[in-house]
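Reader: I am new to this structure and should like to understand the reasoning behind the terms used to describe it. Might we go through them in turn?

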Amino acid sequence: MMNAREVQSIADAKRIVEERGLTHVKVGLFDNDGVMLGKYMSKTKFFSALESGFAFCDVVLGWDVKDQLYDNGKYTGWHTGYPDAPVRIIPHSCREIPFEDGMLLFMAEFDQAAEEVCPRGTLRRVINKAAEMGFDVYAAAEYEFFMFDETPDSIREKGFRNLKPFTPDWFGYSMIRNSVHSDLYHQILQMGEQMDFPIEGLHTETGPGVLEAAIGVDKIEAAADKAALFKTFMKVLAQRNNLMATFMAKWSSKYPGQSGHIHLSLRNKSDGRSAFYDPSQEYNMSKIQRHFLAGQQRLMPEMLCMVAPTLNSYRRLIPGYWAPTHSTWGVENRTTALRLIPGSDKSQRLEYRLGSADGNPYLAMAAALASGLYGVLNEWEPEPVVKGNGYAQEHPDYLALPRTLWDAAQRLRGSEAAREMLGGAFVDHFAASREWEEREFRRHISDWELDRYFEII
């Protein structure tokens, strides 16, 4: 019998469904915010969709994480009537769903005009630019996430206050925690193997109930798929255990924020060697890696909202909390936004440390890659390396990151580099969606405001 990850073609997809005697399969795609949306589809409909695609209401590209409709979008909205958009199924994305008794999951993506604003399609456009430049791109994601002994009902009953963490106290890298709760850890590791987002490392982080997972390296499109599926099904697995996982950038002012770091490297298509590795240069950093780093550094402020896409993202980007406020770089330095990791032909890479756990993996990786490639194309040079505590040093003003989502959206909207590398349709669409997010926030009154002003002012 065929294994799910052996599926490569339409014929393979049909064969595995027939072999398992499935009447339905699960099909899903990712929206602007990296949320997976989908449905069960009958075998007959699925076979037809494999050959000629299917239609998905394009409202999923026109609403926010609470299903509220953007009022400022051009691609779709009331002015278009929210028509169906063409979608194609990706046969080689086939996955086993461990807890659904042989059920299969197939990923899909938007096609034709909708592909211009589709997150996965946007990443692929940048990958194609890398290929034209002669590079294969490899990536891996690391995520920190908080776990709670709560349910979707209990957190709402409590008004998201006084939540009980999965484990108490600050206990990073705890052997006690991962041994006491080994059953859950094993479930996470096994799910990663079965669904093909293998986890290289899983440990407690600093803070009550915090875990960190490092997903194995792969070509960047597959790496983004793995990261997006990991975030989705980690939440599913938690809830199936009467727990909850959150990837919010900063869920409480009392605890550290949660990162979504991205490791990147380029390899030459011509000979398969690392384009980043040159042992004759300082830090083994090749000319290509130096220009790539410079592009990431210079364009980070312009593409920030792609890696820090929510209001909450900016609660994390404050000094002293393992998150940078300027687009700085250092060598094995975790106080900078970009960390150069010297190594061998196999391991020389860059870590894009700025990203929050709440980022859409496709868009975060697209931003990290596009900015680097732009630096290579323009042969940019980075600012001097930061040594020591990057938070405590002065940096050029142009390296300062936007402080709010609104400002970050304006920087993206006005970025010529982003338009060239990502496409104008995507830039306009995503910037508008972030502007909407900021305006939605402004409409609401916070507890802080009530406590501060209600009686005294």
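Author: Ala139 has its place in strand S7. The model is a predicted one.

Reader: Why is Ala139 called buried?

Author: A residue counts as buried when its relative accessible area is under 20%. Ala139 has a relative accessible area of 0%, and is therefore buried. The C-alpha atom of Ala139 is separated by 9.3 Å from that of Arg349, although the two residues are 210 residues apart along the chain.

Reader: What makes Arg267 buried or exposed?

Author: Arg267, which belongs to strand S12, has a relative accessible area of 17%. The limit for a buried residue is under 20%, so Arg267 is buried.

Reader: How do you know that the side chain of Arg267 makes a polar contact with the side chain of Asp345?

Author: Such a contact requires a pair of N or O atoms within 3.5 Å. For the side chains of Arg267 and Asp345 the value is 2.5 Å, and the pair is counted as a polar contact.

Reader: Why is the pair Lys164 and Asp149 called a salt bridge?

Author: The rule asks for a side-chain nitrogen of Lys or Arg within 4 Å of a carboxyl oxygen of Asp or Glu. In this pair the N to O value is 3.4 Å, and the side chains meet in a salt bridge. Lys164 lies in the loop between helix H4 and helix H5, and Asp149 in the loop between strand S7 and H4, so the pair links distant parts of the chain, 15 residues apart. Lys164 is partly exposed, at 48% relative accessible area, and Asp149 is also partly exposed, at 35%.

Reader: What makes Lys226 and Asp196 a salt bridge?

Author: Their closest N and O atoms are 3.7 Å apart, and the cut-off is within 4 Å. Lys226 lies in helix H7 and Asp196 in the loop between helix H6 and strand S8, so the pair ties together parts that are 30 residues apart in sequence. Both Lys226 and Asp196 are buried.

Reader: How do you know that the length of helix H11 agrees with its number of residues?

Author: At 1.5 Å a residue, the 18 residues of H11 should span 26 Å, and its end C-alpha atoms are 26 Å apart, so the two values agree. Of the 18 residues, 16 are buried, and H11 is therefore largely enclosed by the rest of the structure.

Reader: What caps the N-terminal end of H11?

Author: Asn360 does: a side-chain oxygen lies 3.1 Å from the backbone nitrogen of Tyr362. Just after H11, Glu379 takes a positive phi of about 50°.

Reader: Which residues are closest to the centre of the second largest pocket?

Author: This pocket has a volume of about 890 Å³. Of its 37 lining residues, the closest to the centre are Glu142, Glu212, His263, Arg339 and Glu351. The elements that give two or more residues to the lining are S7, S8, S9, S12 and S15. The lining divides into 14 nonpolar, 10 polar and 13 charged residues.

Technical notes:
Residues are numbered from 1 along each chain as its sequence is written. This is a predicted model: local features need pLDDT of at least 70, side-chain atom pairs count only at pLDDT 80 or more; totals for chains, interfaces and linings use all residues. Side-chain values use heavy atoms; hydrogens and water are left out. Helices (H or I, at least four residues) and strands (E, at least two) are DSSP runs, numbered from the N terminus. Buried means under 20% relative accessible area, exposed over 50%, partly exposed in between (1.4 Å probe, protein chains only). The expected span of a helix is 1.5 Å times one less than its number of residues. A polar contact is a pair of N or O atoms within 3.5 Å; within protein, one must be able to donate a hydrogen and the other to accept it, and residues adjacent in sequence count only if both atoms are side-chain atoms. On a 1 Å grid over the protein atoms alone, a cavity is a set of points where a 1.4 Å probe fits but cannot get out, and a pocket is an open set with protein on both sides within 12 Å along at least five of seven lines; lining residues have an atom within 4 Å of a point. Grid points are joined across faces, edges and corners, and a volume is the space filled by probe spheres set on the points. Ala, Val, Leu, Ile, Met, Phe, Trp, Tyr, Cys and Pro count as nonpolar, Asp, Glu, Lys and Arg as charged, and the others, Gly among them, as polar.
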